Amino acid sequence: MNKKKTACGGNYDQYVRRKALIIVALVVMTFMTAIFAICAGSADIPVSEVLKALFGLGAAKNVMVTVNIRLPRILMAIVSGFGLASAGCVMQGVLKNPLASASTLGISQGASFGAAIAIVFLGGGTIMGNNADAVTINNPYLTSFCAFAASMLVTLIILGLSKARKASPETMILAGVALSSLFAGATALLQYLSTDVEMAAIVFWTFGDLGRASMKSIGVAALVAGGSFIYFMFNRWNYNALECGEHTATGLGVNVSRVRLVGMTFASLTAATIVSFVGIINFVGLIAPHIMRRFVGNDYRFLLPASALMGAMVLLISDTFARLILSPVILPIGAITSFLGAPLFLYLIFKGVGRNAEN
Amino acid sequence: MLKIDALEFGYRAGGKILDDIKFDVSNGECVAILGNNGAGKSTMLKCLNKIISPQRGRVVIDDVDILKLNRLEIAKNTAYVAQKNEGNQITVFDAILLGRKPYIKLAPKKEDFDIVENIIASLNLETLSLRYIDELSGGELQKVMIARALAQEPKVLLLDEPTSSLDLKNQLEVLKLIQNITKEKQIAVVIVIHDLNMALRYCDRFLFLKDNAIYCYGDVDVMTSENIGAVYQVSVAVEKYKNQRIVIPLA
């Protein structure tokens, strides 16, 4: 790319480099946070021991804690945060609604209902003892499958309804609000009719828990989140065009209905897959794109990767916080994400960090 | 050359919005679409590049019916500037680069950047190029939207009330810019406009829409008090001032 000097003393190449630098910084920060997260816990392990353990060397206890407990949890935090944030970013863009996310559209509520069905009718939940962490999901694959199926059902209903109405964002949002209310009500009814153990298992599932992740589920989530992200990046110019309004985007050669429907399908699939594996983690998909808009603007070339990385980092920090604050008790990740994210979000809204491209 | 032939459009529930629209626009010519609110001016403009699909008719550019082309090909032939443009947190440079969207496969090439740079220089937008477009004034934003349309390298430029929210100075600037572009780049321009005096000053031909059809179409000679009175249902006088016709409302 040649130099594009501007009379305001700026330089387009410098501007692009600045945005790219923010993304590189996010990669480094996510990596550093992951290193800290893998070392910290009820049993602190030095970095050198962690590195050895990752290659199966060193003390057996360190290998067990690092490879079997912390690594899957950290990888799932990164994959889930990355996927939920990129899905949220695209949902907000194609629906032209800053509040669009998996929970606004009923995907999370659909997953909760599916999990509740698995727990109440298919024997997915049980109780192991009298402690706080005694409730377990004894058939995680069945529960995840039902959660995924129900959240995809929500997605298909929304997409089907909106296709009949030319994929208007209003139809999608309103259908999502109606369905989220319907499934939240259905889940509440199931809880009311369930036994104490089943109800505890449903509540436990909806808390969200990265500790449920197996390497297989991480692989599936990574494949879906990664594949969707590649599709989103291929469509970054379409999303930029959509930001200028439907008619302008059409005038620029964008098939608005198709971009909106396919984008929503991939975003919903990503959110549904992740939520079905780790439970309800609402705030990441909403907050990460908004944080990064303050730093990189609304250009999806930069906003998509920046949001995805910020999502990974937010979830990683929240999970580490949830593990450390009352160690050895692990707090529910969904609550922590909202608890830590909301004040930061409010601060950014009122402070307006990095508002100008020149900053 | 743009040729519109037997264009028809109507919504399912209602009657026809446009009926048997026929006119042509030569290269380097600017045509003003005039008529009352609700006459179908903006709808007609959107039919010309299939933002709204007409039920019948042809829109021919250089012997090709563009209504039969896909969206990307249509966007390489026509560019559209909407009545209301949505501000956004992207820079002026990137907003204009978005005009290259129909040509971009994976990423913009050097040629795309060169075209954007040239347009920025020719429209004197250098000082704005790294500003976010939602920080611009109405006049600046409209110039950027026209610049983006030019980045599409269109044969036909469609403008929907480009001066509707601008002050007098900016109206004059934007319309002068459109006039210069029309002549320099020899593109056909169709502009929906309400201000008859601005239309008289900057446009070459005038098309009046009334009752879903063309009431009259032609050069400055169609701008008579009779035609204007019949279309707008108001009394006007058309006088000459320094060799320029002006419309004076009498009511």
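## A tour of chains A and B

Of the 359 residues of chain A, 53% count as buried. Buried here is 20 or more other C-beta atoms within 10 Å of the residue's own, exposed is 12 or fewer, and partly exposed is in between, with C-beta atoms placed from the backbone.

This is a predicted model, in which local features need pLDDT of at least 70, side-chain atom pairs count only at pLDDT 80 or more, and totals for chains, interfaces and linings use all residues. Residues are numbered from 1 along each chain as its sequence is written, and chains are lettered from A and ligands numbered from 1 in the order in which they are written.

**Confidence**

Colour by pLDDT, the predictor's confidence in each residue, from 0 to 100. Chain B averages 91, and 99% of its residues score at least 70. For the model, ipTM is 0.90 and pTM is 0.88.

**Chain A**

Helices (H or I, at least four residues) and strands (E, at least two) are DSSP runs, numbered from the N terminus. Now consider contacts: two residues are in contact if their C-beta atoms, placed from the backbone, lie within 7 Å. Take the contacts in chain A with a separation of 6 or more: 75% of them come from residues 24 or more positions apart.

Go to L326(A). It sits in the loop between α13 (300–324) and α14 (333–351) of chain A. Is L326(A) buried or exposed? L326(A) counts as exposed, because it has 9 C-beta neighbours inside 10 Å.

**Where the chains meet**

Show both chains. The contact takes 29 residues from chain A and 30 residues from chain B. On the side of chain B that touches chain A, α2 (71–77), β6 (78–81), α3 (92–97) and α4 (110–122) of chain B each supply at least two residues. α2(B) gives the most, with 4 residues. Colour that side of chain B by residue type: 15 are nonpolar, 9 charged and 6 polar. Nonpolar covers Ala, Val, Leu, Ile, Met, Phe, Trp, Tyr, Cys and Pro; charged covers Asp, Glu, Lys and Arg; the others, Gly among them, are polar.

**The nonpolar core**

A nonpolar core is a set of buried Ala, Val, Leu, Ile, Met, Phe, Trp, Tyr and Cys residues joined through C-beta atoms within 7 Å. The largest one has 189 residues, of which I33(B), I96(B), I178(B) and I191(B) touch the most other members. Helix α3 (residues 60–94) of chain A gives the most to this core, with 16 residues. Centre on I33(B). Leaving out residues up to four places away in sequence, I33(B) touches partners including M44(B), L45(B), I191(B) and L209(B).

**The six-stranded sheet of chain B**

Next, select the open sheet of 6 strands, in the order β6-β7-β8-β3-β9-β10 (chain B), with mixed pairing. Strands pair if DSSP finds at least two bridges between them. β6 and β10 (213–218) of chain B stand at the edges, each with a single partner strand, so one side of each is left without a neighbour in the sheet. Neighbouring strands are turned by 15° against each other on average, direction ignored.

Zoom to β6(B) and strand β7 (residues 156–160) of chain B: they run parallel, joined by 4 bridges. A79(B) stands opposite L157(B) in β7(B). Helix α5 (residues 138–151) of chain B packs on the sheet and touches β6 and β7 of chain B, with its direction at about 165° to that of β6(B). Axes are lines fitted to C-alpha atoms, for helices over the stretch in contact, and angles run from 0 to 180 degrees between N-to-C directions.

**The four-stranded sheet of chain B**

Now pick the open antiparallel sheet of 4 strands, ordered β2-β1-β4-β5 (chain B). Its edge strands, β2 (16–25) and β5 (64–65) of chain B, each pair on one side only. Strand β1 (residues 2–10) of chain B runs antiparallel to β2(B), with 6 bridges. F9(B) has L18(B) as its bridge partner in β2(B).

**Last stop: a hairpin**

Finish at β11(B) and β12(B), which form a hairpin with 2 residues between them. K242(B) in the turn has a positive phi of about 50°. Look for V238(B) and its bridge partner V247(B) in β12(B). K240(B) stands opposite R245(B) in β12(B). How many of the 6 residues of β11(B) are buried? The count is 0, and β11(B) is hardly covered.
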